[in-house]
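Okay everyone, thanks for coming.

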Amino acid sequence: MKLKYSLIALLIIALGSGAYAQKNKKNEDEGEKYWLKSGQVSGLKFRNIGPALTSGRIADIAVNPNDFNEYYLATASGGVWKTTNHGTTYEPIFDGQGSYSTGCVTIDPNQTTTVWIGTGENNNQRSVAYGDGVYKSVDGGKSWKNMGLKESEHIAKIIVHPGNSDVVYVAAYGPLWSKGGDRGVYKTTDGGENWERIKHVSDNTGACDLVMDPTDPNILYAAFHQRRRHVFTYIGGGAESAIFKTTDGGKTWTELKSGLPSGKMGRVGLAISPADPNYVYAIIEAEGDAKGFFRSTNKGATWEKRSGHKTSGNYYQEIVCDPYDVDKVFSMDTWLHHTEDGGKTFKATGESKKHVDNHCIWINPNNTNHWIVGCDGGVYETYDHASSWNYKQNLPITQFYKVSIDYDEPFYN
């Protein structure tokens with residue numbers, strides 16, 4: 001009897017399955033009438049619809065000195081972008097390379113179709129991404145070649161010799177979360193095919209800034225920063241942080257001390273006045289009341305503390321001089337500030353209807369009321385010394401800070 005009932009059950013299941021299959025086939029045939037064929041949607045493409053309110057962090061700006069309508073943007077988490085029409089449109093030109101995070105961009109002053117990129121954002125926040133060295137393009141960003149220093153992770157500055165494109169200097173910040181790597185000041189004399197480390201302090205201390213005397217390319221000032229990031233803390237300075245100077249293109253270096261903080265220092269930002277290269281400025285993190293804004297009027301031989309003005313060295317600590325006014329210096333900060341008396345006092349520059357968290361500025365040498373500023377919210381431009389700002393809404397970059405999951409079953413999202 002058991003066998004008989006089993007056969008009957010199997011027969012019912014088989015008949016039911018067949019009926020279900022026929023019904024399902026009928027439903028599929030009916031549904032096909034409403035299905036879209038691939039040819040019907042082949043002309044559609046995904047397009048970016050955001051971010052709508054703000055853009056993303058701009059790490060550096062390089063404007064073609066022969067054509068201000070052309071400039072490059074190095075972004076913290078969005079590669080490199082180029083415009084040839086003064087920001088009317090931007091083109092991503094670095095998406096196919098090994099790094100999405102960039103820290104600096106430099107145009108060769110001798111040949112403006114040659115562009116250098118330093119990868120890895122040159123800040124020390126928790127969200128900072130690393131890179132894989134320096135890149136070079138000789139065709140205005142159409143193609144790129146990795147030129148080495150792949151273990152640097154964060155590049156602070158690239159400077160091309162104004163009279164010889166084969167000579168290039170790189171300030172390599174080095175890894176943030178570990179010691180070692182390619183860190184210090186590097187120099188090439190063959191366009192990046194080979195590199196020589198011409199200044200090294202230690203495996204814990206890298207070059208955070210580098211500036212060149214505009215009247216003598218053999219004179220350079222380098223700032224070194226001893227730092228380390230951990231999950232639970234950030235070590236922002238140490239006894240090895242210092243400012244060095246060379247007068248022979250990096251063959252020999254002298255540590256600058258007279259008038260500078262004698263204790264432990266943190267991050268240092270440097271700037272040379274184009275109006276008078278005897279004037280060298282430094283914004284310095286240091287212990288206690290030693291930190292502040294410093295100035296030298298004799299090419300770094302002696303320094304004077306001008307004020308206690310400071311910014312956060314894990315995110316800012318960069319300064320830019322006005323092209324013609326020796327006493328005017330801009331300080332990148334949460335709120336943009338500048339001094340008009342050589343650092344004695346600083347005032348808020350003005351950011352009505354502008355995003356804050358500033359990282360770079362280009363000042364038009366033909367009209368010093370015209371600037372392009374890069375901040376965490378993208379690119380802003382002013383023609384009236386910050387009285388009003390034009391926001392570039394067409395730069396679709398953003399930065400991802402967090403990933404979350406839910407508990408949906410059978411798979412989470």
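Let's start with Thr88: buried or exposed? It counts as exposed, because its relative accessibility is 57%, and exposed here means over 50% relative accessible area, while buried means under 20% and partly exposed is in between, with a 1.4 Å probe and protein chains only. Before I go on, this is a predicted model, where local features need pLDDT of at least 70, side-chain atom pairs count only at pLDDT 80 or more, and totals for chains, interfaces and linings use all residues. Residues are numbered from 1 along each chain as its sequence is written, and side-chain values use heavy atoms, leaving out hydrogens and water.

Back to Thr88. You'll find Thr88 in the loop between strand E3 (80-83) and strand E4 (91-92); strands are DSSP runs of E, at least two residues, numbered from the N terminus. What does Thr88 touch, if we skip its neighbours within four places in sequence? It is in contact with Thr83 and Asn394, contact being heavy atoms within 4.5 Å. Its side chain also reaches the backbone oxygen of Asn85 at 3.1 Å.

E28 pairs with E27 in the antiparallel sense over five bridges, and two strands pair if DSSP finds at least two bridges between them. In that area, Cys360 stands opposite Gly374. E28 also pairs antiparallel with strand E29 (residues 378-382), over five bridges, and a hairpin joins E28 to E29 through two residues. There, Ile372 has Glu381 as its bridge partner.

Last stop, the largest pocket. A pocket is an open set of points on a 1 Å grid over the protein atoms alone, where a 1.4 Å probe fits, with protein on both sides within 12 Å along at least five of seven lines; lining residues have an atom within 4 Å of a point. How much space lies in the largest pocket? About 1700 Å³, where a volume is the space filled by probe spheres set on the points. Its lining has 45 residues, with Ile61, Lys157, Pro274, Val320 and Trp362 nearest the centre. Among the strands that give two or more residues to this lining are E1 (58-63) and E27 (358-363).

That's my tour, thanks!

Methods: Helix = DSSP H or I, 4+ residues; strand = E, 2+ residues; numbered from the N terminus. Polar contact = N/O pair within 3.5 Å; in protein donor to acceptor, adjacent residues only side chain to side chain.
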